[in-house]
Amino acid sequence: MWHQSFGLLEKSYAYDATGSFLLGKELHIPLCTVPLCSAVVDVAIQDYVADVASELIYQNKSQISREVLFAFPLGPHMAIYSFQARSEDAKVQAMLRDEAQQLHEATGGWENLEYLQDQSKYPGEVFACFLGTLSPGREVVVTLRYVQELPREPDGAAHFVLPPTLHPHTLLYAWNCLTSKLPYSLLLTASLQSPRGVANVQANFPLTPLTYTAQDRSTAQVSLAGSPPSHHDLELLVYFGDPAAVSAVVEKGDPGAPPGSLLGDPMVLVTLAPSIPEAVPGQCQSGEFIFLLDTTFLEHAQDSLLFLLKSLPLGCYFNIYCYGETSVGIYPQSVEYTQDNVTEAVRRIPSPGSRLGDTNLLGTLRSIYNTPRPRGHMRQLFIFMAGLPPDKEAIAAEVCRHRNSHRCFSFCFSKDSAALATALARETGGEATYVSSDNSMTVVVLKCLRRALKPAAEGVSLSWTLPRGLEVEVLGGTPQCIVQGQHSLLYAQIHGQAEDVTVAKGVMTLQYRLDGQDVTHTIEFPLCPQGDGRLAGHRLAARCLLKRLLPEAASGSGDEPRHRAVEISLTSGIICPFTSYVGVRTSQRVTWYRGPLALLPPRRSLIPCQIVELRGSSRVSSCYPRTIWVPPGWLTAVCQSWLALRRLAHGIAALPQRGACSKACKPPAPSISSLEYVDPTEFVLRSPIFGPWLTKAFAECQELVVLQNVDGSWALSSGLASVLEMDEAEIKGKMPGEVMEPSVWATVLAVTWLHRNDKDYQGLCELLEAKAVTWLCSQAVSQLDKCLEAANTLLGSSVEPSVFRL
């Protein structure tokens with residue numbers, strides 16, 4: 001079994017009677033971990049960007065030689081840019097090469113990486129490099145460097161988690177189950193920098209006092225004090241002065257790089273985090289919601305579509321596309337959410353038995369992107385995929401090209417479409433869900449709708465004021481919308497030479513619309529670049545620029561985008577789909593002559609070194625419903641869309657893993673990642689309607705939902721009386737005399753009935769109820785208490801007044 005922290009791993013061997021060795025996998029011998037002796041980690045944090053340099057020393061404490069490989073699980077928004085391993089007689093260095101180059105085949109060791117793919121319990125991606133044979137008592141020193149975008153906590157703190165490879169506390173009990181003392185030493189130092197000033201640092205482990213290294217408190221240092229804790233990951237929360245809607249850090253370029261190049265010019269790290277209040281459920285809300293239904297799976301999605309349509313807020317726009325051989329839109333473009341439009345849309349949906357040919361998701365997406373979205377309404381797509389479309393790479397590239405203008409919520413119903421669904425959601429900041437037969441698709445879809453209904457800053461734009469001679473380029477573009485609770489990290493490069501060198505500051509202005517109001521934030525930032533020369537912002541900017549180039553390169557529009565991507569990758573050290581790692585092993589051969597010791601010229605060879613996709617065999621944990629949960633610090637949602645494209649190109653369809661980064665000083669919690677998944681290993685399509693939907697309770701609830709108007713109200717009708725299992729005349733006779741409008745009485749009865757059976761409809765009717773209560777409060781606040789009392793008496797319930805906001 002592979003341990004979750006990985007690190008340096010050894011392969012067990014056994015010999016048969018002929019003297020030839022057998023791999024451990026053939027004998028089912030478990031893989032082992034080479035002990036870590038010491039770790040020195042230096043972390044540099046600039047606002048929400050981190051550069052991590054680590055030196056790890058491993059020692060083979062067994063009595064026999066071991067073949068070893070290094071495996072490092074990749075975390076979210078993480079990119080390795082340097083790897084080297086040294087032993088007494090050899091050095092291994094990972095290098096990026098253009099995949100188009102003809103390279104000599106690596107000399108052995110590929111079976112180790114193939115074996116690694118099948119041994120992990122959890123899916124995800126790891127950086128793996130085969131290091132060869134390690135003799136008894138010998139050490140190997142691994143130097144690993146990577147950059148990472150850091151999550152931003154709601155209170156503005158930058159959240160850093162030390163990967164378990166650098167602090168493999170989870171292996172403690174394998175070493176010594178009688179003591180909590182770690183068998184390795186750890187030296188951890190963090191350098192902190194922000195033009196807003198470093199205000200405070202919190203951690204779930206002992207720290208040295210915060211030491212400021214600049215008078216304006218813009219830089220500081222802190223270190224691990226004493227021994228690290230042995231039972232959890234190490235986490236830091238770094239607080240900067242005055243959390244703002246927009247902040248900027250200018251990082252100096254590489255003096256050795258030519259001016260005008262990606263690494264040569266200064267880079268501005270921009271954080272956009274507008275303060276967006278929570279929305280009141282059920283109220284009018286802007287937004288454009290487009291539902292894309294695979295016609296081959298239309299029968300299974302119709303009930304979910306009904307709940308989705310009824311749960312939308314007033315004030316939004318919507319449309320429905322049923323894609324098959326051709327793109328079929330219910331309306332030419334999105335229409336306002338009204339009763340007439342919803343009724344007509346439902347009437348126009350093709351019958352489940354109709355087939356429109358092979359799925360044409362690509363054509364449907366292009367049709368949507370060519371249609372202008374309503375002004376002031378954020379576009380969000382709900383994509384239902386029954387299988388994997390044949391043009392998956394083109395689909396991912398098309399979504400990537402428009403990633404700044406919308407969000408995708410993807411629902412897949414087959415294992416082969418999981419990777420594509422994940423790529424679409426992750427690239428646009430949405431969510432991907434694998435729907436299996438043991439849960440209600442409607443509940444899963446409505447959970448995503450609740451997240452999609454979070455308020456957002458619309459029409460986001462940036463403008464710059466710089467001295468004459470300077471210009472700025474935003475790499476990757478600016479998102480048009482920022483959703484409440486999220487932030488956007490942008491990279492903008494400053495080109496040119498200022499004509500007036502006395503102007504030391506630039507001005508950046510952020511503009512957006514919130515609740516129909518124009519909001520403007522303006523900040524000044526110093527033009528004198530800072531930084532320690534590690535170029536974390538530049539490398540992450542390269543990663544961002546590669547994402548922008550890949551749709552063009554993948555679409556086959558000439559060789560220039562590909563050549564540009566390869567150049568950026570090789571220069572920055574950040575891998576892309578057109579480059580790959582190769583391990584270069586340099587051996588220092590020693591020989592004895594009659595005279596003194598002589599060194600022969602170094603011998604070089606290529607060894608396996610690459611990013612490996614683990615297939616995994618995970619199961620859903622009960623700790624977080626319908627979410628794959630794994631121990632803190634383990635494999636997390638890892639590869640961005642360009643790596644997803646790479647995975648798709650190689651025919652790998654594996655569902656990436658959610659992480660479990662906990663907030664410092666608190667127990668582990670589910671991941672802050674925006675992606676959520678359902679277990680892909682237990683999907684069985686048993687019937688057109690999944691299990692919970694067959695119950696009488698769901699059928700009654702569905703009947704009630706069909707009767708609800710889009711404004712949230714119900715009419716007093718025979719249909720409502722049938723759902724309530726009462727006579728219509730009796731219901732009318734029990735209506736309080738103070739009520740002037742029968743629909744008010746009918747709506748109170750419907751909400752009361754739903755709450756009386758709340759356990760049966762949990763997760764189905766929250767949005768419907770909120771919209772109904774909002775309508776009631778706008779119609780008859782003074783009558784609600786009498787209506788609720790009469791409804792409780794009639795239905796034999798005890799619904800509290802707080803349900804109606806009384």
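Predicted model: local features only at pLDDT ≥ 70, side-chain atom pairs only at ≥ 80, totals over all residues.

I started with burial: 55% of the chain's 806 residues come out as buried.

Next I looked up the surface. The chain exposes about 33,000 Å², and carbon and sulfur atoms supply 51% of that area.

I then checked the secondary structure and counted 18 helices and 37 strands in the chain. For contacts, I took those with a separation of 6 or more, and 75% of them join residues 24 or more positions apart.

On to a single residue. Where does Gln285 lie? I found Gln285 in the loop between strand E19 (267-272) and strand E20 (288-294). Is Gln285 buried or exposed? Its relative accessible area is 17%, and buried means under 20%, so Gln285 counts as buried.

I listed what Gln285 touches, skipping residues up to four places away in sequence: Ala279, Pro313, Leu314, Gly315, Cys316, Leu453, Lys454 and Pro455. With Leu453 I also got a polar distance: a polar atom of the Gln285 side chain sits 2.3 Å from the backbone oxygen of Leu453.

Last, the helix pair. I looked at H6 (residues 361-369) against H7 (residues 392-401) and got an angle of about 15°, with the axes 9 Å apart. Angles under 35 degrees count as roughly parallel, so I logged H6 as roughly parallel to H7. On the H6 side, the contact is made by Leu361, Leu362, Leu365, Arg366 and Tyr369; H7 brings Ala394, Ile395, Glu398 and Val399. I noted the crossing of H6 and H7 as left-handed.

Conventions. Residues numbered from 1 in each chain as written. Heavy atoms only, no water. Helix = DSSP H or I, 4+ residues; strand = E, 2+ residues; numbered from the N terminus. Buried < 20%, exposed > 50% of the residue type's maximum accessible area, 1.4 Å probe, protein only. Contact = heavy atoms within 4.5 Å. Areas by Shrake-Rupley, 256 points an atom, 1.4 Å probe, with all protein chains shown as cover. Polar contact = N/O pair within 3.5 Å; in protein donor to acceptor, adjacent residues only side chain to side chain. Axes fitted to C-alpha atoms, helices over the stretch in contact; angles between N-to-C directions. Parallel < 35°, antiparallel > 145°, perpendicular 65-115°, else oblique. Left-handed = near helix turned anticlockwise from the far one by under 90°.
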